[in-house]
Amino acid sequence: MTRLTRRAVLGGLAAGVAGQALGAPLSSPRPVPRAQIVPAEALRVASSQDLIAAAKLGGNVGFVVADAKTGRILESVSADTPMPPASVTKAITSLYALEHLGGDYRFGTRLIATGPIRGGVISGDLVLAGGGDPTLSTDTLGDMAAALRRAGVTGVSGRFLVWGGALPYTHEIDPAQPDHVGYNPAVSGLNLNFNRVHFEWKRVKGGYDVGMDARGERFLPRAYTAKIAVKERALPIYTYSDKGRVEEWTVASRALNKAGSRWLPVRRPELYAADVFQTLARAQGVPLGNPEIVRDLPGGTVIVEHNSDSLRPLLTEMMRYSTNITAEAVGMTASARRGGLASHAGSGRLMTEWLKDRAGARSARFVDHSGLGGDSRISAGEMVGALVRLGPAAGLRGLMKDFTMRDEADRVIRNHPLRVEAKTGTLNFVSALAGWMTAPSGADMVFAIFSGDVARRDRIPNAERERPQGGREWIRRSRRLQQQLIERWGAVHG
């Protein structure tokens, strides 16, 4: 079986965005030799309205570009129109988390003994207690199992308990997404492998050999809390049912090629993590009973503790790969610190209230922290206002990924004179981009571009939600428009 590196896993998450088009060509409004920015007075630059009209996106397009230091608006269209921000929401979530948790915050996962260790046996229960870490991996659990053995534990007289109550459980981030997409898993206080299970298949004589595992880079345990069966059909490609302790999937045989794999979402994350840890502990010579979920965290002595990377690098990784579960976990943890956290949806409301207080975003509304839910709204003007008011003190710009400029043939333009650091966002018939740009003159600008044909998005049949007809071409045109606007601003305002 193929082992996947952490970079490959994260790359897969980044590719798994609802309705995202791959390889979408971008172009400038007018070909410019050798990627030079021609001064506006030397070349007629297309107006922003002409560029928007030429894109033929339908729905609404709104943008604001402003001076990064003063916040003075240089140009805008529909600046006050609330639009779906998609994954640009993660920029707001980063600001929210940094203010409430601080850049050095770390998520902890612990093994707790409720009684003393006598002769290598815990006289009581062993508790696997999550702290909301969205980056907990099978390799980490394997190392924790080894550390448990090094601590002298060879058995447990009581129960094997699992606690995920550090964060409120949510069955999925966005109920409108297809059941099988890996970027829409459950979220709780105990999350493993981004709450995804690895499904692998290979054609053999008479059918398919299939398996479900929780692979890491160094460990490859079987997943006993998930199983899958191949069914002779064309559609639906996947079906899902929750059988209590086991999540059951079926897959259409006509959708499978000779061999392959994909990550499927996990809906029972505490049992999944406990199942994997039980296997890894047994391999270390520490047998455990079947896991039991507890609502309240038992008291006891911490035997092993793992702490995640600090928050700032976690956010950098989240912004680069657009990992939804990271956004939800850090957002809800920030809400818990703020006070009043009761649910996933409630956490979105707490972040909304915070942004209104801190940046005056009166029309903003967030239903989650990742942007996966299509009902979130913020205007381009409010987005730019938040970046100007809150971004510099938080160091948000340093978390953002470089935005690649491309030519008409979709080739990367190396050494492009415009430097752009921004967060992208993509849903079906929704595209967003927000961040900073620097012109060759040194002029620094902050911007937000939101495009969305929400009515068309709402008409998509359920069976087509993963790849709706016309979706890729729409995203291609929207991304082309984004680059055209950026190059226009470089010529006119830089």
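Tutor: What follows is a set of questions about labels, each answered by setting a value against its cut-off.

Student: How do you know how far the coordinates of this model can be trusted?

Tutor: The model is predicted, and its mean pLDDT is 91, with 91% of the residues reaching 70 or more. Over residues 11–43, however, the pLDDT is below 50, although this stretch has 77 contacts in the model beyond near neighbours in sequence. Where pLDDT is low, the predicted coordinates should not be read in detail.

Student: Why is Thr225 called buried?

Tutor: Buried means under 20% relative accessible area, and Thr225 has 10%, so the label applies. Thr225 is found in the loop between β10 (207–213) and β11 (226–231), and, leaving aside residues up to four places away in sequence, Thr225 touches Arg245, Val246, Glu247, Leu271, Tyr272 and Asp275.

Student: Lys56 and Phe194 each have a positive phi without being glycine; what makes one exposed and the other buried?

Tutor: Lys56, with a phi of about 55°, lies in the loop between α2 and β1, and because its relative accessibility of 65% is over the 50% cut-off, Lys56 counts as exposed. Phe194, with a phi of about 60°, lies in the loop between β8 (160–163) and β9 (196–204), and because its relative accessibility of 5% is under 20%, Phe194 counts as buried.

Student: How do you know that the buried residues of α2 are on the same side of the helix?

Tutor: In α2 (residues 48–55) the buried residues are Ser48, Leu51, Ile52 and Ala55. They cover an arc of only 100° around the axis, and therefore they are on the same side of α2. On the other side of α2, Ala53 and Ala54 are exposed, while the cover over the buried residues includes β1 (60–67), β2 (73–77) and α11 (471–493).

Student: What makes up the contact of α6 with α7, by residue class?

Tutor: Leu311, Leu314, Leu315 and Met318 in α6 meet Thr326, Ala327 and Val330 in α7, and these divide into 6 nonpolar, 1 polar and no charged. Helix α6 (residues 311–321) and helix α7 (residues 324–338) pack at an angle of about 145°, with their axes 9 Å apart, and α6 passes α7 in a left-handed crossing.

Student: Which peptide bond is cis, and what is its omega?

Tutor: The bond joining Leu235 and Pro236 is cis, with omega about -5°, and Pro236 lies in the loop between β11 and β12 (238–242).

Definitions and conventions: Residues numbered from 1 in each chain as written. Predicted model: local features only at pLDDT ≥ 70, side-chain atom pairs only at ≥ 80, totals over all residues. Heavy atoms only, no water. pLDDT = per-residue confidence, 0-100. Contact = heavy atoms within 4.5 Å. Axes fitted to C-alpha atoms, helices over the stretch in contact; angles between N-to-C directions. Helix = DSSP H or I, 4+ residues; strand = E, 2+ residues; numbered from the N terminus. Left-handed = near helix turned anticlockwise from the far one by under 90°. Nonpolar A, V, L, I, M, F, W, Y, C, P; charged D, E, K, R; others polar. Buried < 20%, exposed > 50% of the residue type's maximum accessible area, 1.4 Å probe, protein only. Arc of directions from axis to C-beta.
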